[in-house]
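Subject: Structure handover

Dear colleague,

I am passing the structure below on to you, and I would be glad if you could look through it alongside these notes.

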Amino acid sequence: MLKEHQKRWGVDQWAAYLTAQDIPCMPRSKLLLRALEEVKGEELAPAELADIVFSDPFLCLRLLREAEKRRTHRLGHDTTTPLGAVMQLGVKTFRNMVLGSSEVDDTDIGLMACESRAVAASKIARMWGRARSDISPDEVAMAALLAEIGELLLWHFAPDLPLAAQDALTRGRAPRSALAQDQACGFRFRDLSLKCATVWALPPLLIQLIRGVDNVRANLCKLYLDTARHLVAGADNPALPDDLAQAQRLIPQASLEWLAEHMLGLNEERQATVIHAAQAILARDANPS
């Protein structure tokens, strides 16, 4: 339950509050780590540990914050990927961090819906990113994973706020999630994500990608987030053809068929329908008359 004065807090106060909290991890991250240890023993590969991080936005944030604390300026570069963070901390420290973390409640429907969107966005980023000549697709994937961290942390530490926003949206008092958040809570959860990222001195590149600076990589990050949200809402979501058409514009070297094949949860029949609708959108754009 929120205290009376917390109900009046804005982005700055919540960012300060969250800074003082111990960031948890998903219960499955501990299970995945222990399962990996049973197979590998002490020969844990950083790349395998990074895969665990890609499926847990809470752990990703915890790991990145710790890596940035320990990073020396002599390194000459920020830590912008899960693999880089694991290598920065070392396998032993990573293991202790995971097993020593508190856990989120993975029976919380609202939290898990938000978490599912974040993980789906990261997966799409890694799959579609293979078709681009990007210097580091994992940077965009990490930004997609962390873009909703403000809302995720609220679900864990102050669920009254996202529940209030959800209620405003469900009852039709606001037409979109961001407006519902602003109306019910006084701020937008994406703004909290950005404020926290700034306060915690996360790498500027990740902040730019989350904020949506107008460049191809930031536009891709937004696309991955939008596509994940629409896919999680249901395979019949009418926005999916627009997402696929936008993916073709931003990743022209990939075919619509390949892109659709890597849209999570779409069967072949639905893929064909989405491809056909995306082709119509692109044809209309090419011949506006």
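The protein chain exposes about 14000 Å², of which carbon and sulfur atoms supply 51%; accessible areas come from the Shrake-Rupley method with a 1.4 Å probe, and for residues only the protein chains shown count as cover. Please bear in mind that this is a predicted model, in which local features need pLDDT of at least 70 and side-chain atom pairs count only at pLDDT 80 or more, while totals for chains, interfaces and linings use all residues. Residues are numbered from 1 along each chain as its sequence is written, and side-chain values use heavy atoms, with hydrogens and water left out.

The secondary structure of the protein chain consists of 17 helices and zero strands, where helices (H or I, at least four residues) and strands (E, at least two) are DSSP runs numbered from the N terminus. With a radius of gyration of 20 Å, close to the 19 Å that the globule rule gives for 289 residues, the protein chain is as compact as a globular protein of that length; the radius is taken over C-alpha atoms, and the rule is 2.2 Å times the number of residues to the power 0.38. Buried residues (under 20% relative accessible area, 1.4 Å probe, protein chains only) make up 51% of the 289 residues.

In helix α3 (residues 46-53), L49, A50, I52 and V53 are buried. Seen down the axis of α3, these buried residues fall within an arc of 150°, so they line one face of the helix, the arc being that of the directions from the helix axis to the C-beta atoms. They pack against α2 (27-40), α4, α5, α6 (91-99) and α8 (137-146), with contact meaning heavy atoms within 4.5 Å.

In helix α10 (residues 160-170), the buried residues are L161, P162, A165 and A168. They cover an arc of only 120° around the axis, which puts them on the same side of α10. Their packing partners are α1 (11-19), α9 (149-157), α11 (177-185) and α12 (189-199). After α10 comes G172, whose phi is positive, near 80°.

Finally, T79 lies in the loop between α4 (57-70) and α5 (82-89), and at 5% relative accessibility T79 counts as buried. Leaving aside residues up to four places away in sequence, T79 touches L64, A67, E68, R71, G84, A85, P203 and L206.

Conventions. Buried means under 20% relative accessible area, exposed over 50%, partly exposed in between (1.4 Å probe, protein chains only).
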